[in-house]
Amino acid sequence: MTKLKALNGFKDIVPGEVELWQHVENTARDIFARFSFSEIRMPILEKTELFARSIGEATDIVEKEMYTFVDKQITMRPEATASLLRAYIQHGLHVQKPVQRLFTIGPMFRHERPQKGRLRQFHQMDVEVLGASSPRVDAELMAMGALLLETLGIHVSLEMNSLGCPDCRPGFRKVLLDFIKERHGVLCDDCKRRSTTNPLRVLDCKNPVCREQVEEAPSIQDHLCDGCSEHFTAVQEGLNQLGVPYSLNKFMVRGLDYYSRTTFEFITTDLGAQAAVGAGGRYDGLVEQLGGSRNVPGIGFALGMERLILLLQQQEELSTPNVIDLFVVGLGEAASEFVFSLVHVLRKTGMQAAMDHEGRSLKSQMKQANKAGARFALIIGENELAEGMAVLRNMESQEQEEIGIGSNLEDISTLLVEKI
RNA sequence: GUGGGUGUAGCUCAGUUGGUGGUAGCACCUGGUUGUGGCCCAGGAGGUCGUGGGUUCAAGUCCCAUCACUCACCCCA
């Protein structure tokens, strides 16, 4: 029989590792709550059309990376924003509150070749603000992301750009295309292709030759319309006011079609080829494009959880040893049976209690208690059982005392809660 | 889709010019203590050497194929 394994690009998160995930999630939930975000959870399957309409028909994600049930026209979400907006529109959340602040945490699916920090099922923490157009919200959101990463102890840099809007981007695109045409011959093959598919992408090519060529390229920041320009300036002022360090990157482009104006990335150099641990931006036309009300601006970003975890793991081996309250040792069949009942009563009172079910020796059970991180061990053998007492050992101080135990388990439980 | 690297115990890895699979480390079990954990010591268990073919008296080692994993390109969190 062939061994069954998880699919390529799909990973189990096992005990010892899952604690780190919980830590990241708990920290995020705490910070999101401080910024008045509410959680929303959406299904993983959506109509294929939703992603085609939001992310863009011509993007790599939609063209070749989606897990789609072709016969049913449904797709496992490759990102969260589209689903979240669908839910927002479907439930008329804009009516309940003019500004909705929402976050969601969960798995996303893209059929790419896996590599470091990139999986086929990966997890994102996704944050969106709907109905707010103020540049202060852009700054506030970036400040929240920066605070979360800082709280987690992850060192990144924040880079920002503006992609303009449907009014000014086409103009810049033309200027850029002219610039590219002049150097078309020396650009790499990928960029030759990009110059027709998505010229803005040429700006962030990693090829050294292209980089050099593009150094002198026109900056979109010089071609913004008045509205976009004012917004861009105000976002920077907001970041300055909040003391959030950032740098402007005129080469930064985003891969999804829906972005407008502000875009940003939290960047690291410690993840191999994967630079972005988080990225996002404004998408003012998207709600309307998906059939929602007009003039509902939006902005949001996503953090890649696997990437955060990788960074935390390589920054320091932080081990969170498990700790329990009490390990109850039972020696002999009669004592074990008694302990079986006692442990359950202890657990009902809220105590983290454990025992051995294999009838092992005292020494072995003490080892288990130690490994489980028990603060106390309660030893009950045949003698103790007969005499109505037990030995309570403080595992750290090694002090032990005899306590009287009757047949009433609740009384024993109460006594132990006092002692421990 | 394209290119590179790696497959030996649950994990991390040795394995020489081809000559019997490692007293290796971590983890696990038992004992050293008639009923007391961590440290130490002794012992034990654990393997189709990824899989299939080929060369050879002999293959973990050389050759071919295949699968898996991994890193990178593309793209993205």
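These legends walk through several close-up views of a predicted model of a protein with an RNA strand.

**View 1. The protein surface around RNA strand B.** Let's start where protein and RNA meet. Around RNA strand B there are 47 residues, and those that come nearest are Arg 110, Arg 118, Arg 194, Arg 201 and Met 395. What kinds of residues make up this surface? It divides into 22 charged, 14 polar and 11 nonpolar residues. Looking from the RNA side, sugar or phosphate accounts for 56% of the atoms of RNA strand B within 4 Å of the protein, and bases supply the rest.

**View 2. Polar contacts with RNA strand B.** Now zoom in on single atoms. A polar side-chain atom of Glu 112 sits 2.8 Å from a base oxygen of RNA strand B. At Gly 278 the backbone takes part: one of its polar atoms is 3.4 Å from a sugar or linking oxygen of RNA strand B.

**View 3. Helices and strands beside RNA strand B.** Which elements give two or more residues to the surface near RNA strand B? They are α3 (60–65), β6 (121–130), α8 (189–197), β10 (276–282), α14 (362–371) and α15 (382–387). Of these, α14 gives the most, with 7 residues.

View 4. Strands of a sheet pair through backbone hydrogen bonds, and the pairing can be parallel or antiparallel. For a close look at one pair, take β6 and β11 (residues 298–304), which run antiparallel to each other over 7 bridges. Here you can find Val 127 opposite Phe 301 in β11.

View 5. A disulfide is a covalent bond that joins the sulfur atoms of two cysteines. How many disulfides does this model have? The count comes to 0. Cys 165 is in no disulfide, and its nearest cysteine sulfur, in Cys 228, is 3.4 Å away, beyond the 2.5 Å cut-off for a disulfide. Is Cys 165 buried or exposed? Cys 165 is buried, because its relative accessible area is 11%, under the 20% limit. Cys 191 is in no disulfide either: the nearest cysteine sulfur belongs to Cys 205, 3.5 Å away. Cys 191 is buried too, with a relative accessible area of 0%.

Conventions: Residues are numbered from 1 along each chain as its sequence is written. Chains are lettered from A and ligands numbered from 1 in the order in which they are written. This is a predicted model: local features need pLDDT of at least 70, side-chain atom pairs count only at pLDDT 80 or more; totals for chains, interfaces and linings use all residues. Side-chain values use heavy atoms; hydrogens and water are left out. A residue is near a molecule or strand if one of its heavy atoms lies within 4 Å of it. A polar contact is a pair of N or O atoms within 3.5 Å; within protein, one must be able to donate a hydrogen and the other to accept it, and residues adjacent in sequence count only if both atoms are side-chain atoms. Helices (H or I, at least four residues) and strands (E, at least two) are DSSP runs, numbered from the N terminus. Ala, Val, Leu, Ile, Met, Phe, Trp, Tyr, Cys and Pro count as nonpolar, Asp, Glu, Lys and Arg as charged, and the others, Gly among them, as polar. Buried means under 20% relative accessible area, exposed over 50%, partly exposed in between (1.4 Å probe, protein chains only). Two strands pair if DSSP finds at least two bridges between them.
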